[in-house]
Amino acid sequence: MKGFKKLFGWLVMLTIPFLLAGCESNLIVFDPKGPVARSLTDLIIFSIIFMLVIVIVVFALFGYIVWKYRARSDDGNFEPEEEKGNHLLEIIWFTIPVIIVIALMIPTTKTIYEVEDVPQGYEEEEPLVIHVTSADWKWIFSYPDQDIETVNYLNIPADHPVQFKMTSAGTMQSFWVPELGGQKYTMANMQTNLFLVADRPGSYYGRNTSFNGKGYAHMDFEVQALSQDDFNDWVQEVHDTANTLTEEKYSEILEPTVIGRMTFNNTHLEWIDHAHGGSEKYLNPELYRISHGHEDHEGHDEKSEEETDSNEDQTKTEPSQSEDHAHH
Amino acid sequence: MSLDEFFVTGDPLILASQIAIGLTMIGLIALITYLKRWKWLWNEWFTTVDHKKIGIMYIISGVLMFFRGGVDGLLMKAQTSRPELEFLDAQHYDEIFTTHGVIMILFMAMPLLIGLMNVVIPLQIGARDVAFPKLNALSFWLFFAGAMLFNVSFVIGGSPDAGWTSYFPLAGKEFTPGVGNNYYAIALQIAGIGTLATGINFVVTIIKMRAPGMTWMRLPIFVWSTFITSIIIVAAFPIFTVALAYMTLDRLFGTHFFTVANGGDPMLWLNLFWLWGHPEVYIVVLPAFGMFSEVIATFARKNLYGYKSMVYAVAGIAFLSMLVWVHHFYTMGNSAAVNSIFSLTTMMIAIPTGVKIFNWLFTLRKGRIEFSTAMLWSLAFIPCFTIGGVTGVMLAMAAADYQYHNTMFLVAHFHYVLIPGVVFAVFAGLYYWWPKMFGFKLNEKIGKWHFWLFVIGFNMTFMPMFFVGLDGMSRRMYTYSASTGWAGWLGFSAIGSIILAAGFAALCYNIYWSFRYASRDVGNDPWNGRTLEWATASPAPHYNFAKVPEVDRLDAYWYMKKEGNTGLKKSDLKPVHMPSNSWTPIFLAVVFGVVGFFLVFEWFTLAILASIGIVVGLVANSFDYDDGYHISVEELADEEREWRGDLQ
Amino acid sequence: MTSHANNMPLEYKTQQSQMNILGFWVFLGAEIVLFSTLFASYFVLEHNTAGGPTGQDIFILKDVLIETFLLLTSSFTCGLAIHSMRSHHKTGLMVWTIVTLLLGAGFLYMEINEFIHYVHEGASIQTSGFTAAFFTLLGTHGAHVTFGIFWISLLLIQLARRGITEKTASKFFIASLYWHFLDVVWIFIFTFVYLKGMVM
Ligand code: HEM
Ligand SMILES: [Cu+2]
């Protein structure tokens, strides 16, 4: 039958991109740049192999059966025999998935535990602590030990563990730097923890994956991994040049806007840690009101209005658009 | 509130739709008036309690909602087809994916499945109707009122825009102060009450109204899956009822269930939502499994392989579906132990699902497979759903999910589950049971067009999403820059969605064509079926069976045919008791809709005044002692002679 | 349809009545889920008082005990009503049902007073996560009681007009299931909200 040939051809076509997936190394998730992301990628590839086997077995059986037992004009319109089922076979296709589940569960659990802690090989080093505060629609990074705060970009030393203590000033976001590791939510009144390491200096793409309103698509940031020396230089430079963050300025930052990068010489943790409540003080529902129809593509407009009063840090004037986070 | 805020204004796209909606409404009303059909509509449809008519109304609404949700999908695909397009702005995109998600799951998948359940289940168990016909009508009308209220948001007040999951704090009044998310809370509540009533109705129907001799292990598999689905509905929907009530209280009355301030806990919403939400996806997928089983057995001309293990598998899936909700927020910072446990329970769902896939394959094996359109859908389901399934297992592995969560990979996955699992099933069911509903078949040739366009379009649309997801594109992004390198995948996907839409258009054309031209001479059993619905006329008479059939094994009708046992003796006929039509269901639903609308705008006085209607409806219902009527033996015999010829 | 149902109580006589009763049991299953969700949410939010009053600050044991007494007694009189119904004793059914409803109304009166008192103490439904969950749980129960009183009053009118028939009997029986269920829910509220709240 013609339809069936088409079906079969289509099935083959379908498997091809899937097969390619495993080898496709351009994809960001398959291109880890740090130990945490690497262990996730390993787990993913391990699972894909199993899944491919399952897909191939099911597709092959399916193709074979549908082809072999198709109705034909010359089969005398026979009536197939009734079959009750076969205990042995049913036990087999019950047990095989059980085994697969066990086989997947072991590395899954191992990896889940592994990525909760400082990555292997870095246990001895004292992690750099960075507080992440997400707001609509920007990322605020505070370095309490360095007494620095940045907005929409993140500088970290390469080859050194970083501990992120994450919270949100309002809506829920998810902090994700796929090349360095998996994501985790940031929530008001709560603190979540994430460890990441970048193998080498480089620029990595980070973004929010948890939808939080109009500016969500633009809520990305750049992670710059610097050599330890460069990192120290940067810290020094910020201390020499950046402005001080005031509480007023801070509430302005927290307003729902898409803004560029900023750098400050102190952190907002001096007056509030959103992990411990108090965020409502900065919220103003009126700023979230939408007027239907009179849409002015606010996101873009806000963006072009570059901040003028932050310091002259070299990264500051770059727009925080995703253009500079191309990862290919 | 100024009129300017009341009506959504400004955007030409919306203005055009508003005008189109307005004109369609006026046109419809004028047409009905012109044809003098109001009375007919009222008597035959609006007040009907006949499960088949209610089913058909569900199906019509579902198809309309599929159109609306599909247009939403296409608009999104158009917007992301090229980088930095400004076809839709962020706000519109947000509203559209929210309404798309809600409409597709609650107002497309649910009514289409419940519609088919309504038409088929009483027939398959040899019953005259469901246990509570009037409640059944109320279920439908409440669903319809909820759906309409939800859709009104598009023109009046503004659509919800916090995603179909409406996560707090975003969905709270601090962050979305408009009325959009009030619509979400209230419209879904109204529709949800209807669904809950459907669940109760089908549980009782299946327990109490099976034909004599139809023991549990002789139930057609679709009845089993409906039964278990109904139990999940009863167990899961009240959770959503409570969650939506909290949402309403937070938004309308300033309470602090889910707020950031004053001791609210937004994560409570996430837990409640998914405690309902995950079972909900099984509520839509399990009946679909049942339909595929029926269609596959019929067109392989064999009994279902491993019937018992199929039943246990459905029960197992239903049970596990209650224990997996945390997999929707592995990334919330749960302890490693919690994430491990929920990874395990989630992956375990793959086991009974795998059993089902193999049982279907072995039903086909040694059969004589006929490629009717209904069968093509069921066949295509197997490979497509397998892809959805294996990617589901990948997502179930918590650590790996840290990289997929909320990306397009997830979007691709759930469309690969929901479209083969629900939409293909609904199409299979429509082609299969169409003659039983309307007395003519859908055209098989146009059906093949529908099938190939849709299946190819579907794969083209959603396969690339796996890859952009793995490439770091998160879901719900209305735009992206060219440097991301996603444009190729998304452009391809957008083309796929046009083919998909062409497939849907072919279905609509098929319905039109078949309605006009298809042969009305299909007989009672056009597909050589196995179950009782084929034992009665097509379309099924309002009393379903002149004489309730007796069942002595699984696939009873198949053996009745073999034993030449399908005739009807006039002496066996007895008068048939039928329920009367009732105005209370539609009346109550309209009042619910009106009260809901007032609540959306927080016009409390009006809402309270309108609620008097609810009291009136309930009191009238309580005092209603109408016992229905009887169809006499003579009438039965006449109607039966029409399709059987002379009675024995 | 009514064949082998002859030795059944009146309310089970017809197939439709049997289905109504089973359907109501299934509905009560849904109600159990509903109240479980309300309880679970209450436990989650119980300590989120946001600086407002806690349960310990405001609960008054005496009033709650009276409410409990009223509702438990009403459940008992409701049982007596059904007992009268089974022995076709129309006046007994009437009288005991009216007593039940009066006790229910007494409970409601006490509960409303209790709520007013809490609001005066500065604990309204908008005060905190705790008060939201508390008032919603209690309010849902109270609303059920209110609904029950109106519903059963309608049944009384029907009883007066029609006497004890297969239909009215099954309606009364179903209403009694509902009433007992509310009693059970109250016992949980009493234990896990009030007692627990006062000692912890
Ligand atoms: C007709 C073809 C369909 C197309 C073209 C389509 C397309 C899309 C797109 C583009 C998204 C949003 C992706 C994003 O930006 O995050 C989406 C989301 C979604 N779709 Fe579909 N879809 C289709 C059918 C369906 C069906 C049949 C269902 C369910 C039965 C469904 C359920 C959903 C849900 C639940 C979401 C998530 C909405 C949200 O993020 O809140 N879709 N779909
Ligand atoms: Cu789930």
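Chain A is divided into domain 1 (28-68 + 86-116) and domain 2 (128-286), with bounds that come from an automatic or database domain assignment. This is a predicted model, in which local features need pLDDT of at least 70, side-chain atom pairs count only at pLDDT 80 or more, and totals for chains, interfaces and linings use all residues. Residues are numbered from 1 along each chain as its sequence is written, chains are lettered from A and ligands numbered from 1 in the order in which they are written, and side-chain values use heavy atoms, with hydrogens and water left out.

The C-alpha centres of the two domains of chain A lie 36 Å apart. Contact, meaning heavy atoms within 4.5 Å, joins 12 residues of domain 1 to 14 residues of domain 2. About 1,000 Å² is buried between these domains, 56% of it from carbon and sulfur atoms; buried area is the accessible area (1.4 Å probe) that two parts lose on being put together, summed over both. The domains are also linked by 3 salt bridges (a side-chain nitrogen of Lys or Arg within 4 Å of a carboxyl oxygen of Asp or Glu). A salt bridge is formed by the side chains of A:D199 and A:R38, at 2.2 Å from N to O.

Turning to the chains, 2 pairs are in contact, and chains A and B share the most contacts. Chains A and C do not touch, their nearest C-alpha atoms being 10 Å apart.

In chain B, B:H100 and B:H415 each coordinate the iron atom of ligand 1 through NE2, at 1.9 to 2.0 Å. Donors here are N, O and S atoms within 2.8 Å of the metal (3.2 Å for Na, K and Ca); water is not among the atoms, so sites may look incomplete. The iron site has 6 donor atoms with angles of 88 to 179° and is octahedral, a class that requires six donors with opposite ones over 155 degrees apart and all others between 65 and 115. The two histidines bring together distant parts of the chain, 315 residues apart: B:H100 belongs to helix α5 (residues 90-124) and B:H415 to helix α15 (residues 408-438). Helices (H or I, at least four residues) and strands (E, at least two) are DSSP runs, numbered from the N terminus. B:H100 counts as buried because its relative accessibility is 14%, buried meaning under 20% relative accessible area, exposed over 50% and partly exposed in between (1.4 Å probe, protein chains only).

A:N152, in the loop between β3 (148-151) and β4 (153-157) of chain A, has a positive phi near 65°.

Definitions and conventions. Tetrahedral: all angles 85-135°; square planar, octahedral: opposite > 155°, others 65-115°.
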